[in-house]
Amino acid sequence: MMTATPFKTVCVIDDDKIYIYGLKKLITIKELSPNLMEFYNGKEAIDFLINPENQNQLPDIIFLDINMPVMDGWGFMESFVKIKPQLGKKITIYMVSSSINQDDINRAKGISDVTDYVIKPISQDTLVELFKVAA
Amino acid sequence: MSEEKDTAFGMFPIGLQALNQHYFANKQLHNLIESTNTGLWERNIEDQQAWWSPKFCELLGYEYGALDTSYTSFIDKLVHPEDKKPLVDAYQNHLKTQSPYKIEVRLLTKEEGYRWFETSGKAWPDENGKLSRMIGAVVDIDQKKRNEIKLKRNEFLLNETNKIANVGGWELDVVNMELTWSKEIYEIYELPTNISPDVDSAISFFEPGYREIISAAVSDAIKFCKPYDLELQIRTAKGNIIWVRTKGIPIIDSNGECITLRGIFQNINENKLKELNLQKSLDLLGDHNRRLQNFAHIVSHNLRSHSGNLQFMVNIFAENISAAEKDEVFGNIRSISESLATTIDHLNEIVKIQTEISKELKPVDFESVFKSTQNVLDSNIRRTRAMICYDFSSCPTINYVPAYLESIFLNLLSNSLKYRHPDRNPKIICETYFDKEHTYMTFEDNGLGIDLEKHKDKVFGMYRTFHQNTNAKGIGLFITRNQIESLGGSIQIESAVNVGTKFTIKLT
């Protein structure tokens, strides 16, 4: 187990650069975390997570988009479940999407490793709340 | 009928008088005749005098001797008006040609109204050889006749019903494998009624595919006593393909074995075609509805993602941030507004495809459209060193919306160039062909390919991209599919990662 750091490391997996920019800004403004890593699709994130060299930099929270090229949010979760035992850290995953499709919401809530489903845009209050839950 | 006359005619073996005498004199003969329930009569051809035996009178409900002894009055009063002429005709024919005299008539009984009788007789000559009298018998055939009439009516009704319903009956004697058809079945098969059907040839009229079904059903009915009720297609003797309903019910003996198979055979072609047409319309409507729903979904999703970002940026803008940061945020707002406009343009394009009802179909030449598309992408084709082959010889033209065909070619060709394999030059093959009633086009490349296991249902979706490619917009195939489907076609994809992709398009 890693020793707990005062600030949580946040990882955002999303192909929407404007959204990533906004999230980063919000986290900075609210002083929620100085450490933020970003990936533009699921595969990039998985490649990072399974690399043993990165075992000291694993995130505490992942904000995961659904619709992405190469590997989408569902594909990421499938791979994540497989590599989870190798990761020496508990990671809280939020699925964040602009989809209000009930099928997507139910599917996300049906995955036990997904803590919650959040509809974009994330408000500041919600963001603060999500950091608390992940604590 | 005097005694003198009697002697005058005494020479006849069975004259009226002799009969009269014997009838009562000979008890045995009397009883014999009475017991047969046969009434006797005699008629003098010259003066129309008549004699009616006791049984005759009884059959009509009268006492012996109560009937008028005139044949003329018998005809007038007792014979049913409709039967008078046939009776008189038969009588005259008999006298003229000695044709057998035997006729069914209705006679008025004393208390039961008209009843059916069969009367028969024979004319005998006098000593001069002239036909002078007729002797005959009547039998009560009322019950038999009424049953016969009822049966005839039922048969008529059944025949009419069968004719109207286009339905016939059949029976298969399982032991001898003898098949019997009613008239209507011959008509449905368009076969002459003089051939005798057998199971194998009856089955051979069914269309391939249905033949196996009926064959199995008949064999199961015989083996396992399993009834069947099927709607199948046959090709009639005259080559017409029609839908029929065939129903078979096994008749089981006391050992539980099927000894006979009975059933109906009905021409349901008209209704079935209507039903199929209705189903087709329903499918089309369902399809349209699905597309509309999908579209509503797309609109909601795509606009939401932009409005979400916009809200996001506006909120951050309101925060206490530096001027430089405000510039950044504003830059983002500008780019959101641009993408929003693009998205709305795309959506407009889709709406246009969906709602342009009066799409003008024109004969379009595949080769010239394909060549002009190649010209548009010329620099791209040169840069990627793509090799492009086509063969439109088996189907060179099509009735289509010209702009759609251009757009389809452009999307497919630019996709193939965009998602080419880094290790080899692109090779693209496009062909058209005609199959039954439809025009097909295949479009094949040797590019990156798509993992269909993962992305099958998303390939033709809006804003779906699969490769990390900066100029991927995820709109091309979505528009292509919409254009194709709006003209009643469909598009299929086969693909293997690192091998290539092949689209098969049913254009019309």
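Q: How many residues of chain B are buried, as a share, and what makes a residue buried?
A: This is a predicted model. A residue is buried if 20 or more other C-beta atoms lie within 10 Å of its own. By that test, 24% of the 508 residues of chain B count as buried.

Q: What makes residues of chain B count as in contact with chain A?
A: The cut-off is C-beta atoms within 7 Å. On that basis, 20 residues of chain B are in contact with 17 residues of chain A. Helices α11 (269–318) and α12 (323–355) of chain B each supply at least two residues of this side. The largest share, 10 residues, comes from α11(B).

Q: Which classes make up the side of chain B that touches chain A?
A: That side has 11 polar, 6 nonpolar and 3 charged residues. Gly is counted among the polar ones.

Q: How do you know that β3(B) and β4(B) pair?
A: Pairing needs at least two bridges found by DSSP. Here 8 bridges join β3(B) to β4(B), residues 114–125. The two strands therefore pair, and they run antiparallel.

Q: Why are β2 and β3 of chain B called edge strands?
A: Five strands of chain B form an open sheet, in the order β2-β1-β5-β4-β3, with antiparallel pairing. Strands β2 (50–52) and β3 (101–108) of chain B each pair on one side only. From one strand to the next, the twist averages 25 degrees.

Note on methods: Residues numbered from 1 in each chain as written. Chains lettered and ligands numbered in written order. Predicted model: local features only at pLDDT ≥ 70, side-chain atom pairs only at ≥ 80, totals over all residues. Contact = placed C-beta atoms within 7 Å. Helix = DSSP H or I, 4+ residues; strand = E, 2+ residues; numbered from the N terminus. Buried ≥ 20, exposed ≤ 12 C-beta atoms within 10 Å, placed from the backbone. Axes fitted to C-alpha atoms, helices over the stretch in contact; angles between N-to-C directions.
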